[in-house]
Amino acid sequence: MRNAIMLVAIVFMASMVLGSCASSPKSDKIVGSSSRSYKAQKAPKWTRVPTDIKGGMVLVVGQIDVGGEQSPSICYTGSDLKAKGNLISEINSRLQRQMQYASEGADIRSQTIRDIINQSSQVDLVTGLKIKDRFYEKVYVRNGPMRDVRYTCYSQAELPLSTFKELVEEALAKHAGGNSTPYKTFRQRVEESWDKFFNSEEGE
């Protein structure tokens, strides 16, 4: 009788362990998203393209994770800010390379270049910057025997390249608008090098 009771206890404990293992995913699992046509692990293609320039638009993605106790709207607020910050950082980096290229061989002070870059990429001046698209995934995350929920949110920010060019032209007029040969050459090289520095391949 005692052995039978022990056997039942062992079977019961084993079933509890197996049940616990079955309920906990072996790895992270996507269980929902913001898309009605969603298929598991099929996020929109743009979420996998951090930076792109097409159709006259600069497109940059921001991504953040939040705990399941937060709402997707809170998650989107964070990913929107991240995307906008990433876009400003991206155009700033490209503009730095463009200015360095345009100033090679010309007598242009480093401070002049810094002033142009700073004025052109201030967040409050980039009025055309907006969020083009959003997407979130609801994910079950394995945490030992427990299972946590996490939201992964993506936002895609966009900025018309023409708007940014106008900002750069205003900065050039203010800080390098003289009629001397170095300034004229510098401005001409800036104008001629937009395609060189503001294309998809340049950011890869």
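Thr47 touches Val61, Phe135 and Tyr154, leaving aside residues up to four places away in sequence; contact means heavy atoms within 4.5 Å. This is a predicted model, so local features need pLDDT of at least 70, side-chain atom pairs count only at pLDDT 80 or more, and totals for chains, interfaces and linings use all residues. Residues are numbered from 1 along each chain as its sequence is written, and side-chain values use heavy atoms, with hydrogens and water left out.

**Thr47**

- Thr47 sits in the loop between strand S1 (29–33) and strand S2 (51–54). Helices (H or I, at least four residues) and strands (E, at least two) are DSSP runs, numbered from the N terminus.
- Thr47 counts as buried, at 11% relative accessibility. Buried means under 20% relative accessible area, exposed over 50%, and partly exposed in between (1.4 Å probe, protein chains only).
- A polar atom of the Thr47 side chain lies 2.6 Å from the backbone oxygen of Pro44.

**Nonpolar cores**

- The largest nonpolar core has 31 residues. A nonpolar core is a set of buried Ala, Val, Leu, Ile, Met, Phe, Trp, Tyr and Cys residues joined through side-chain atoms within 4.5 Å.
- Leu87, Ile91, Met99, Phe164, Phe186 and Phe198 have the most contacts inside this core.
- At least two residues of this core come from each of strand S3 (57–67), helix H2 (72–103), helix H3 (110–120), S5, H4, helix H5 (181–192) and H6.
- H2 gives the most to this core, with seven residues.
- Ile91 touches Val58, Leu159, Phe164 and Phe198, not counting residues up to four places away in sequence.
- A second, separate core has six residues, including Val66, Cys75, Tyr76 and Tyr136.

**Aromatic pairs**

- The count comes to seven aromatic pairs. Rings of Phe, Tyr and Trp (its six-membered ring) pair if their centres lie within 6.5 Å; planes under 30 degrees apart count as stacked, over 60 as edge-to-face and the rest as tilted.
- Tyr136 and Tyr151 pair edge-to-face, at 5.6 Å centre to centre and 85° between the planes.
- Tyr136 is in strand S4 (residues 130–143) and Tyr151 in strand S5 (residues 146–160), so this pair ties together parts 15 residues apart in sequence.
- Tyr136 is buried at 18% relative accessibility, and Tyr151 is buried at 11%.
- Phe164 and Phe198 form a tilted pair, at 5.6 Å centre to centre and 50° between the planes.
- This pair links distant parts of the chain: Phe164 is in helix H4 (residues 161–175) and Phe198 in the segment after helix H6 (194–197), 34 residues apart.
- Phe164 is buried at 0% relative accessibility, and Phe198 is buried at 5%.
- Tyr76, Tyr136 and Tyr151 form one aromatic cluster.

**Charged groups**

- The charged end of Arg134 sits over the ring of Tyr76, 5.8 Å from its centre. The rule asks for NZ of Lys or CZ of Arg within 6 Å of the ring centre and within 35 degrees of the ring normal.
- The count comes to four salt bridges. A salt bridge is a side-chain nitrogen of Lys or Arg within 4 Å of a carboxyl oxygen of Asp or Glu.
- Asp80 forms a salt bridge with Arg134, with the closest N and O atoms 2.7 Å apart.
- Asp80 is in helix H2 and Arg134 in strand S4, so the pair ties together parts 54 residues apart in sequence.
- Arg94 and Glu90 meet in a salt bridge of 2.6 Å, N to O. Arg94 is buried at 1% relative accessibility.

Key:
Polar contact = N/O pair within 3.5 Å; in protein donor to acceptor, adjacent residues only side chain to side chain.
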